[in-house]
Amino acid sequence: VQQLLPSVVKVGEKINPLQVQLSGGSSATQAFDNFPEQRMISPQQARQSNISKTGSGPAFVSYYQQYWDEQPQVEDAGFEIQSNIYQNGKANTSITTGTAAQLTANLTVDKDADYVKVEVPVPGGCSYGPKVFGEIHWETHREYRRDRVVIYCEHLPAGNYNFTVPLEPRFAGQYHINPAQAEMMYIPAVHGIGNTLQLMIE
C-alpha cells in the first residue's frame with residue numbers, strides 16, 4: 001500500500017470514499033460504494049447509460065453482453081470444423097433410442113497451432129456413452145460437461161483430425177445441436193465455427 005498509494009493520491013490530499021454512479025436510460029441513477037458490484041441492464045439502457053465516479057483513487061469498470069444467435073454463420077479463420085451424427089456406421093439426422101450413436105467433429109487445421117480448444121455441444125435427449133479419452137496423439141485433456149465436450153490440445157500440426165463423442169439416445173423428440181467450435185486459446189482470432197444440426201430421435 002505504501003508503494004501504490006502515492007501514485008493515486010496526492011500528498012496532503014484528503015481520502016474520500018469511492019463511489020460509482022450509473023445513470024441514464026429509463027432508470028434512476030444508481031450509486032455503488034461496496035465493491036465488487038455487478039448489475040444487469042437492457043440493451044436500450046446500455047445505449048443511453050453513463051458511468052461516473054467520485055472519491056479518491058481509481059475505479060475499474062468492465063462490461064460485456066450476451067445474446068442468442070438463432071442463425072450462426074459458419075466461420076473458417078484458421079480452423080474448419082464440421083459435425084455429424086452416426087448410428088450403425090451411417091451418418092444420420094434421425095436416430096433411434098436404445099442404439100449407440102456417435103457425434104463426430106472433423107477439424108481441419110490450416111497451419112500448426114498451439115493451445116487449441118475444441119468444443120463439441122451434445123444434443124438433448126442423449127446421455128454419454130462409454131467416455132473416450134486421448135483419442136488422438138495430440139489430445140492433452142478432455143472434459144465431459146453437462147452440455148458439451150471440451151477437448152484441449154497443446155499442439156496441433158496442420159492436418160485433419162476426427163474427434164468422437166459416444167452417445168446413448170434416450171428420449172424421443174426433435175433436437176437442435178449447436179455448432180462445434182475450435183480456437184487457439186491465446187489467439188482467439190484464429191478460430192472456426194461449424195454447422196448446426198437438426199436431430200430427430202425416434
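Asn-88 is exposed, with 64% relative accessible area, where exposed denotes over 50%, buried under 20% and partly exposed the range in between (1.4 Å probe, protein chains only). This residue lies in the loop between strand 5 (79-87) and strand 6 (90-91); strands (E, at least two residues) and helices (H or I, at least four) are DSSP runs numbered from the N terminus. The phi angle of Asn-88 is near 55 degrees, a positive value in a residue other than glycine. The model is predicted, so that local features require pLDDT of at least 70 and side-chain atom pairs pLDDT 80 or more, while totals for chains, interfaces and linings use all residues. Residues are numbered from 1 along each chain as its sequence is written, and side-chain values use heavy atoms, with hydrogens and water left out.

A positive phi, about 50 degrees, also occurs at Tyr-115, which is not a glycine. Tyr-115 lies in strand 9 and is partly exposed at 41% relative accessibility. Together with Met-185, Tyr-186 and Ile-187, Tyr-115 makes a nonpolar surface patch of about 440 Å². Patches consist of residues with over 30% relative accessible area and no salt bridge, like charges being joined within 9 Å and nonpolar side chains (Val, Leu, Ile, Met, Phe, Trp, Tyr) within 5 Å. Accessible areas come from the Shrake-Rupley method with a 1.4 Å probe, and for residues only the protein chains shown count as cover. Met-185 is located in the loop between strand 15 (181-184) and strand 16 (187-193), and is partly exposed at 34% relative accessibility.

A cis peptide bond, with omega about 0 degrees, joins Phe-35 and Pro-36. Pro-36 belongs to the loop between strand 2 (30-32) and helix 2.

Nine salt bridges are found in the whole structure, each defined as a side-chain nitrogen of Lys or Arg within 4 Å of a carboxyl oxygen of Asp or Glu. Arg-142 and Glu-139 pair at 2.9 Å, N to O, and both residues are buried. The salt bridge between Arg-145 and Glu-143 has an N to O distance of 2.7 Å. Arg-145 is partly exposed at 37%, as is Glu-143 at 25%. In the salt bridge of Asp-147 with Arg-148, the closest N and O atoms are 3.2 Å apart. Through shared partners, salt bridges join Lys-117, Glu-119, Asp-147, Arg-148 and Glu-183 into one network.

The largest pocket has a volume of about 1,100 Å³. On a 1 Å grid over the protein atoms alone, a pocket is an open set of points with protein on both sides within 12 Å along at least five of seven lines, whereas in a cavity a 1.4 Å probe fits but cannot get out; lining residues have an atom within 4 Å of a point. Grid points are joined across faces, edges and corners, and a volume is the space filled by probe spheres set on the points. Of the 26 lining residues, Arg-39, Ile-41, Ser-62, Tyr-63 and Tyr-64 lie nearest the centre of the largest pocket. Strand 1 (19-24), helix 2 (43-47) and strand 3 (49-54) each give two or more residues to this lining.

The second largest pocket holds about 630 Å³ of space. Its lining comprises 20 residues, with Trp-68, Asp-69, Pro-72, Pro-179 and Gln-181 closest to the centre. Strand 9 (113-121) and strand 14 (173-177) each contribute two or more residues to the lining of the second largest pocket.
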